[in-house]
Amino acid sequence: MTRLRRFTRPAIFGLSDGMMSLIGVLLYLLGHQNLIFPAALSGAISSALSMAGGEWLSESDSGLGASCVMGAATGFGAVLPALPYAVATGTAALVSSVVICAGIGVLVALMRTGRSRLRALAETGAVLALIFAVVLMCGLFLPGSAA
């Protein structure tokens, strides 16, 4: 297995996990947009360390490098969609965040091998849409949520 191929799985896993974990925070805090970036940054750091440590402790054959890739990808996946809220609020921040999430989704789909690009995009989009819908529905029932 090539070195790059060895890091693809943890990168896909980390980017997806980080981004989808952030979506719940983002939806919950839409009514308090000044809290989104600090909450996402804090969550990104803790989830990056947790994912890297969990990958390492799971004694997978991937090694320390792959554990670090998973942690870094998780952190980036969690913080990138929140970056617009560090400098803006309102519709501009929300649209920018959605574009970043779509970009991450496309990147994840393109990294998936063993299937056509169209199939990878469709599968990745479907999974992300399902997760988004579930998180949105959960947000409707949490007290104080803006969702």
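Predicted model: local features only at pLDDT ≥ 70, side-chain atom pairs only at ≥ 80, totals over all residues.

Student: Which residues is M19 in contact with, leaving aside its neighbours within four places in sequence?

Tutor: M19 is itself listed in the largest nonpolar core, together with C101, I104 and L128. With its neighbours within four places in sequence set aside, the contacts of M19 are G77, A78, P81, C101, I104, G105 and L128.

Student: Is Q33 buried or exposed?

Tutor: The place of Q33 is the loop between helix 1 and helix 2. Its relative accessible area is 17%, and the cut-off for a buried residue is under 20%. Q33 therefore counts as buried.

Student: What distance separates the side chain of Q33 from the backbone nitrogen of G90?

Tutor: Leaving aside neighbours within four places in sequence, Q33 is in contact with Y85, T89 and G90. In the case of G90, the side chain of Q33 reaches the backbone nitrogen, and the distance is 2.6 Å.

Student: How far apart in space are G31 and G90, C-alpha to C-alpha?

Tutor: G31 belongs to the loop between helix 1 and helix 2, and it is exposed, with a relative accessible area of 53%. In sequence G31 and G90 are 59 residues apart, whereas in space their C-alpha to C-alpha distance is 9.7 Å.

Student: Which residues are linked with E123 in a network of salt bridges?

Tutor: E123 forms a salt bridge with R112, where the closest N and O atoms are 2.9 Å apart, and its side chain also meets that of R115 in a salt bridge at 2.9 Å, N to O. A salt bridge with R119 has an N to O distance of 2.6 Å. The residues linked with E123 in this network are R112, R115 and R119.

Student: Why does the pair of E123 and R112 tie together parts that are 11 residues apart in sequence?

Tutor: E123 is partly exposed at a relative accessible area of 24%, and R112 is likewise partly exposed at 22%. The pair ties together parts 11 residues apart because R112 lies in the loop between helix 5 and helix 6, while E123 lies in helix 6, residues 117-141.

Student: In which helix do E123 and R119 both lie?

Tutor: R119 counts as partly exposed, its relative accessibility being 47%. E123 and R119 are 4 residues apart, about one turn of the helix, and the helix in which both lie is helix 6.

Student: What is the accessible area, taken together, of the nonpolar patch formed by L41, I45 and L49?

Tutor: L41 has its place in helix 2, residues 36-57, and at 35% relative accessibility it counts as partly exposed. With I45 and L49 it forms a nonpolar patch on the surface, whose accessible area together is about 290 Å².

Technical notes:
Residues numbered from 1 in each chain as written. Heavy atoms only, no water. Patch = residues over 30% accessible without salt bridge, like charges linked within 9 Å, V, L, I, M, F, W, Y side chains within 5 Å. Areas by Shrake-Rupley, 256 points an atom, 1.4 Å probe, with all protein chains shown as cover. Salt bridge = Lys/Arg side-chain N within 4 Å of Asp/Glu carboxyl O. Helix = DSSP H or I, 4+ residues; strand = E, 2+ residues; numbered from the N terminus. Buried < 20%, exposed > 50% of the residue type's maximum accessible area, 1.4 Å probe, protein only. Core = buried A, V, L, I, M, F, W, Y, C linked by side-chain atoms within 4.5 Å. Contact = heavy atoms within 4.5 Å. Polar contact = N/O pair within 3.5 Å; in protein donor to acceptor, adjacent residues only side chain to side chain.
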